[in-house]
Amino acid sequence: MNSFSYARPSDISMAVGELVTHEGAKFIAGGTNLLDLMKENVEQPNRLVDINRLELSAIEDIEDGGLRLGALLTNADTAYHPVVESRYPLLSRAILAGASAQLRNMATNGGNLFQRTRCYYFYDLATPCNKREPGSGCGALNGYNRIHAILGTSDQQPETTCIATHPSDLCVALSALDAVVRVTGPKGERTIPFADFHRLPGDEPWRDNTIQSGELVTAIDLPAKGFSDYYAYIKIRDRQSYAFALVSVAVGLEIEDNRITDARIALGGVAHKPWRKPEAEAMLVGQMLSEANFLSVAEALLAGAKGYGHNTFKIELAKRAIVRALKQAAKLEPAS
Amino acid sequence: MTPYIGKPINRVDGVAKVTGKAKYAAEYKAADLAHGWVISSSIAKGKVTRIDAEAALQLPGVIQVFSHENRPSLAWFDMSYKDQDAPPGSPFRPLRDATVKYSGQPVALVVAETLELARYAASLIRIEYEEEEHETALEHNLHRAREPKSGVATLLKPPPPKPRGDFEKDFRAAAVQVSGTYVHSAEHHNPMEMFATTVVYEKNNKLTIYDKTQGAPNSQLYVSQVFGIPFKDVRVISPYVGGGFGAGLRPQYQLFLAVLAARELKRSIRVSLTRQQMFTFGHRPACVQQVSLGASAEGKLEAIRHDAVGETSQFEDYTEIVVNWAGMLYPAQNVTLTYNLVPLDVYTPIDMRAPGGVTGLSALECAIDELAYKAGLDPVEFRLKNYTERDMNEDLPYSSKELRECFRQGAERFGWANRTPEPRSMRNGHTLVGWGMATGIWESMHMPARAEAVLTVNGKLRVSSATADIGTGTYTIMTQIAADTLGMPIEDVIFRLGDTDMPLAPIQGGSWTAATVGSAVKVACEDLGKKLFKMAQKMKQSPFADVKLDEIVFENAHIRLKADPSVAVSLLDIVGTNGGRAVSETSTSLPNMLEQRKYARAVHSAVFVEVEVDEDFGTVRVTRAVTAVAGGRILNPKTARSQIIGGMVWGISKGLEEESVMDHQFGRFMNHSLAEYHVPVNADIQDLDVIFVEETDTIVNPLGVKGLGEIGIVGMPAAIANAVFHATGKRIRSLPITLDKLL
């Protein structure tokens with residue numbers, strides 16, 4: 001761990017100002033990921049800007065019937081909030097599938113968006129990693145890539161290769177719900193649709209998201225549509241708790257007269273960001289609730305998927321998880 | 001009278017542990033303590049060509065950077081580096097020269113005024129290497145397998161017995177045959193407590209060392225020999241160990257580094273490893289096994305072949321007993337057992353809970369299950385049909401063996417009779433239910449040890465031995481044994497351990513501590529009793545003047561006449577005649593080898609497991625398990641049960657979750673954190689049940705106990721694999737059984 005200075009601003013503009021005036025500074029909230037990364041010298045911020053004193057922990061209704069989640073609201077307080085439980089149970093389920101109770105008590109919603117990959121090579125300075133050290137190569141491509149991505153990877157140029165995944169559960173649900181991220185930066189406020197917040201590795205695998213320098217996430221807006229009648233979150237992992245998803249699936253459906261009128265499907269553990277495919281979701285609209293329909297959507301979602309050896313099993317596993325999640329959301333079988 | 005032995009006494013060290021009063025190696029304070037941070041090599045094989053420590057050394061508060069470049073001259077010969085558990089070969093010497101022998105090898109130690117500073121300084125040090133090609137993949141190097149070298153360690157780990165009968169001929173002719181290859185990767189012990197050493201640099205250059213170890217005397221021996229310090233000037237103290245599992249059977253490199261720095265700087269120092277560095281020394285070796293079994297049409301096992309190839313380092317031949325168990329468990333007439341090693345560019349493996357036993361039985365008991373299926377027999381029935389009262393390797397009878405009773409009671413508790421044998425026949429929606437079982441065995445060893453018993457002037461009994469308590473319950477059972485032997489109330493008895501000023505005991509491993517140290521404690525207390533009795537006889541108007549030792553008992557802190565319990569003298573009164581001094585006795589307990597060698601001695605178990613497998617996802621859960629153990633006399637059913645449950649949990653871990661994954665591109669273990677190195681969480685553990693069947697053994701040791709440290713794990717992985725087969729119809733021969741293997 002490097003030597004760093006520390007600041008604890010009391011309002012948002014001071015916080016943003018800290019990052020503008022100190023190159024190499026980083027915000028810290030729960031610190032559940034950042035501190036681990038600092039201990040292993042993966043992150044070496046020269047200044048930590050502690051934002052825990054900012055008043056960003058509110059949870060409130062917004063005008064179009066949606067709900068605003070403060071960036072500093074903890075994962076636990078979000079998941080167990082009665083409004084979230086009743087209107088956005090998919091979000092509750094996803095949060096509670098992640099981490100451990102202790103971590104959820106510390107981790108914040110805003111911080112979760114910036115959670116970094118669990119790729120072993122990213123964490124180990126003795127190995128190459130384009131995300132950690134641009135241009136150094138990718139250890140995972142021909143290495144131990146069991147937890148790695150099968151969709152949207154970057155594997156053509158050695159200096160930009162990256163098959164890392166985004167590890168969050170919360171973000172998979174936010175993606176399915178079409179959440180909107182509110183940020184404040186040096187140029188003022190702006191909103192980012194969730195689908196545009198995280199990015200695929202492309203030519204710049206070191207960039208996880210589209211946030212600009214100095215921008216601070218202040219809230220996450222959930223649209224009115226919460227899919228509270230028909231939803232499912234399935235997480236498949238190597239043990240019952242405290243393990244990242246090999247594959248996770250968030251499903252929200254609207255159903256009228258046994259026909260699907262709206263469908264959202266987001267996948268976790270398979271790509272550099274929560275994986276959505278609107279054209280695949282559209283295939284379900286107007287369709288009956290049948291396993292055959294669900295299977296063809298699963299095939300469409302996984303179209304173009306590519307395994308790298310240890311993780312090839314994820315392609316079939318993801319399809320099965322999608323079918324199961326759709327069945328559970330449609331109440332064709334009980335939730336697991 | 002045994003008011004305490006056999007009772008579920010609470011841990012005497014429990015309160016200290018849960019209140020934080022129990023101190024561990026890295027928690028001892030010393031004046032002017034400096035802190036060391038270890039830098040680990042990033043390559044698996046080659047040379048360090050340059051160490052640039054300039055930036056680090058310029059930081060105020062950084063004291064020194066030690067490496068091979070400035071290491072002082074130390075002992076020359078390999079012999080000096082051999083600890084009590086060193087396998088044949090040339091022990092690894094930290095900072096010896098520029099050579100890198102494995103990934104993660106310590107190449108430098110940064111010493112600074114604070115831990116944070118040492119850590120930061122370490123990040124500024126640039127090390128350049130010249131890399132050489134490394135070999136770390138066992139499965140690609142099986143053609144290089146060779147016989148292990150023999151040495152002192154071979155005494156405790158005998159090579160496989162010579163073949164008997166004619167396996168090839170009999171196997172070819174067998175009506176029922178199975179054959180399979182079984183593999184598992186390396187595993188790391190990962191106790192909660194990281195390896196750490198605090199060296200207190202005393203006046204007159206003596207060292208008091210707080211070390212994480214499974215044997216304080218072993219660390220003392222190592223430091224004394226390597227650094228050329230007389231024994232009397234090195235005291236090693238280790239009263240509490242936050243888990244060992246075998247990792248502490250040898251001194252780890254932080255001990256060497258801390259002592260080196262303390263002596264060079266002439267000040268106290270602490271070196272503690274990180275979780276990542278817990279993956280940079282001994283581990284359970286990866287192993288590839290081939291098992292072939294042949295049986296008659298009636299299910300009589302006739303031919304066994306079990307070949308194992310384990311990994312070791314390039315510098316030492318670590319061995320474990322992997323294949324011998326088949327000959328101890330089954331009475332087949334045609335048996336060939338082989339065990340070979342492949343040296344790789346890794347650190348030397350080290351014993352890890354049930355070393356070799358859980359490895360070998362995970363393969364053997366899976367093959368037995370397969371054979372039972374092929375022979376059309378229930379797995380329990382098959383084992384009963386192939387039961388033996390003798391160890392066929394040595395051709396000796398067992399000193400006791402209530403395995404039949406384990407099968408019977410375990411099956412009954414589990415409800416085995418309700419099992420439908422057909423695979424995939426027990427289903428509930430998407431969930432496939434499977435029931436499987438396996439046998440477990442572990443040798444019951446007994447070593448020499450010493451203990452001291454002291455009756456203090458205020459009538460308390462203080463007993464000590466330089467053994468360890470790695471969480472097994474040693475403190476508690478020794479206190480029980482001492483209390484019963486001298487007829488003292490348990491609250492007046494204190495047992496202490498983990499200090500080289502105490503009488504010598506062997507390293508704590510092999511499940512031998514209860515038998516070994518327990519016997520020493522018993523003898524020391526008996527000898528003290530004899531001394532006290534003689535003193536009582538010399539008291540004025542002693543009622544025992546003409547009484548013989550066998551006519552009295554020690555009871556309620558008194559010596560009493562058996563014939564007339566009202567005739568008694570209190571121990572307090574006896575010690576009162578000693579001129580204000582305590583009465584003490586130090587005694588040695590030696591195994592009765594002449595008698596023991598006539599018998600094979602082992603603890604046995606039968607394990608029954610239920611799994612649920614998601615038919616689409618391949619996820620496996622152990623929903624319940626029963627282990628029935630024949631472990632001789634149970635000193636404390638509470639600590640004994642904890643031992644078995646701990647083993648069962650680890651069996652679930654080994655069966656389903658645990659593996660150190662090596663990336664052979666880099667020759668490096670990659671999942672080196674507890675987020676990615678999976679062991680069970682609470683949610684993975686459901687209903688675990690333990691049965692201790694009655695077993696009396698008068699041969700195994702004076703207490704009649706059999707160690708329980710390993711037996712809890714040995715049968716679990718095979719029972720799980722067999723249950724998975726019953727659930728799914730798939731025979732998985734590589735551990736852990738992760739979901740991808742079942743898709």
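Predicted model: local features only at pLDDT ≥ 70, side-chain atom pairs only at ≥ 80, totals over all residues.

Q: Let's begin with overall build. How many helices and strands does chain B have?

A: Chain B comes to 17 helices and 31 strands. Its radius of gyration is 27 Å, close to the 27 Å that the globule rule gives for 743 residues, so chain B is as compact as a globular protein of that length. If you draw a box along the principal axes, the C-alpha atoms of chain B fill roughly 80 × 80 × 50 Å.

Q: What share of the residues in chain B is buried?

A: A residue counts as buried when its relative accessible area is under 20%. In chain B, buried residues make up 65% of the 743 residues.

Q: Which residues have the most contacts inside the largest nonpolar core?

A: That core has 104 residues, and those with the most contacts inside it include Leu293(B), Phe608(B), Val611(B) and Ile720(B). Helix H8 of chain B, residues 357-374, gives the most to this core, with 9 residues. The core also draws at least three residues from each of domain 2 and domain 3 of chain B.

Q: What does Val611(B) touch?

A: Leaving out residues up to four places away in sequence, Val611(B) touches, among others, Leu432(B), Val433(B), Val622(B), Ile720(B) and Val724(B). There is also a second, separate core of 58 residues, which includes Ile265(A) and Tyr308(A) as well as Met670(B) and Leu739(B).

Q: Can we try single residues? Is Gly459(B) buried or exposed?

A: Compare its accessibility with the cut-off: buried means under 20%. Gly459(B) has 13% relative accessibility, so it counts as buried. You will find Gly459(B) in the loop between strand E19 (449-455) and strand E20 (461-465) of chain B. Not counting residues up to four places away in sequence, it touches Met488(B) and Leu572(B). Gly459(B) and Asp573(B) are 114 residues apart along the chain, while their C-alpha atoms are separated by 8.5 Å.

Q: Where is Thr639(B) found, and what is it in contact with?

A: Thr639(B) is in helix H15 of chain B, residues 637-656. With a relative accessible area of 4%, Thr639(B) is buried. Apart from neighbours within four places in sequence, it is in contact with Arg11(B), Thr472(B), Gly473(B) and Ile477(B). For Thr639(B) and Asn340(B), 299 residues apart along the chain, the C-alpha atoms are separated by 37 Å.

Q: How is chain A divided?

A: Chain A has domain 1 (5-52) and domain 2 (230-329). Taken over C-alpha atoms, the centres of these two domains are 36 Å apart.

Q: Which residues do the UniProt annotations cover?

A: In chain A, the unreviewed UniProt entry gives "domain: FAD-binding PCMH-type" for residues 1-227. That span is 27% helix and 16% strand, with its end C-alpha atoms 44 Å apart. For chain B, an unreviewed UniProt entry places "domain: Aldehyde oxidase/xanthine dehydrogenase a/b hammerhead" at residues 19-133. Residues 19-133 of chain B are 13% helix and 30% strand, and the end C-alpha atoms lie 50 Å apart.

Note on methods: Residues numbered from 1 in each chain as written. Chains lettered and ligands numbered in written order. Heavy atoms only, no water. UniProt positions renumbered as here; feature names shortened; annotations may be inferred. Helix = DSSP H or I, 4+ residues; strand = E, 2+ residues; numbered from the N terminus. Core = buried A, V, L, I, M, F, W, Y, C linked by side-chain atoms within 4.5 Å. Buried < 20%, exposed > 50% of the residue type's maximum accessible area, 1.4 Å probe, protein only. Domains from an automatic or database assignment. Contact = heavy atoms within 4.5 Å. Rg over C-alpha atoms; globule rule 2.2 N^0.38 Å.
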